[in-house]
Amino acid sequence: MILIADSGSTKTDWCVVEKGELIQQIFTKGTNPFFQTEEEIGNEIGNVLLPQLKTPELDAVYFYGAGCAFPDKIDMVRRAICLHLKVKGEVEVSTDMLAAARGLCGHETGIACIMGTGSNSCYYDGEKIIENVSPLGFILGDEGSGAVLGKLLVGNILKNQFTPELKEKFLSQFNLTPGEIIDRVYRKPFPNRFLASLSPFIAQNLQEPCVRQMVLGSFKDFFKRNVMQYDYSHNKVHFIGSVAHYYRDVLEEAANEMGIQMGTILQSPMKGLIAYHK
């Protein structure tokens, strides 16, 4: 009996697997040790996950998470897991990027990308990540992500780059004032989650030329600043994440314009991870 977790900044997908078969699936809030303390991570595991688990006794835990790229952050998550769950064997904590690579490519070589609340990419040799352009977060990077699309959206709206009708529609739909938006972005916790939560408005108004060009431009920036630093001419580019899933047409348009060979697009890596760990 093993537990596999795929955690982004917004939600965590926990799957209990026995002999390669999914036994139980649980969703909790996202875990990111860059934005949360060990106590906060432990509380989510102990108070939300543990009461729902059919059994707290596990043979191994494989946790893939955003922000789990440095030893101190990995140790923080591992301690939180070991405190609340009874694990007989190993507790492996790895990046969500490795989850995407294993879920998309299995044991094959390829370029794997994440495009959800945040974005990331890597060149994967079938066993491990060989190259990784740092995503840098939604302020300095994360091109094409839900958080960056949300940031571009509110920036364009508040700077009157979209039509007055589109601005009024946005403020009315979310019941927000410009002041409240500034407060959510600069003063409240998890501004990336807030910005990514605006993505449905972008999808609903994708027929507007200004909105479509904004999304297309951000996707092209993702390819230029990330994917094109790998051997993209000899490898297909695969995607995991809600943004890649819901904006597939625009993503493929950007890829065609940039000369990128598109591969698989999945909303979640979990099915591939279950197969990988089998």
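Good morning, colleagues. The structure is a predicted model, in which local features need pLDDT of at least 70 and side-chain atom pairs count only at pLDDT 80 or more, while totals for chains, interfaces and linings use all residues. Residues are numbered from 1 along each chain as its sequence is written, and side-chain values use heavy atoms, with hydrogens and water left out.

I begin with the overall fold. The chain contains 13 helices and 12 strands; these are DSSP runs, numbered from the N terminus, with helices being H or I of at least four residues and strands being E of at least two. Its radius of gyration is 19 Å, close to the 19 Å that the globule rule gives for 278 residues, so the chain is as compact as a globular protein of that length. That radius is taken over C-alpha atoms, and the rule is 2.2 Å times the number of residues to the power 0.38. Along the principal axes, the C-alpha atoms fill a box of roughly 60 × 45 × 30 Å.

How much of the chain is buried? Of the 278 residues, 51% count as buried, meaning under 20% relative accessible area with a 1.4 Å probe, protein chains only. Contact here means heavy atoms within 4.5 Å. Among contacts in the chain with a separation of 6 or more, 66% come from residues 24 or more positions apart.

Turning to charge, the chain carries 27 positive and 32 negative side chains, and the centres of the two sets lie 3 Å apart. Lys and Arg count as positive, Asp and Glu as negative, and His and the chain ends are not counted. Each charge is placed at NZ of Lys, CZ of Arg, CG of Asp or CD of Glu.

Next, the cysteines. With a disulfide taken as a pair of cysteine sulfur atoms within 2.5 Å, the count is zero. For C68, the nearest cysteine sulfur is that of C82, 13 Å away. For C113, the nearest is that of C122, at 7.6 Å. C68 is buried at 2% relative accessibility, and C113 is buried at 0%.

Is F222 buried or exposed? At 0% relative accessibility, F222 counts as buried. Leaving aside neighbours within four places in sequence, F222 is in contact with C113, I114, M115, S119, N120, S121, E143, V227 and F239. Finally, the C-alpha atoms of F222 and A254, 32 residues apart along the chain, are separated by 9.5 Å.

Conventions. Buried means under 20% relative accessible area, exposed over 50%, partly exposed in between (1.4 Å probe, protein chains only).
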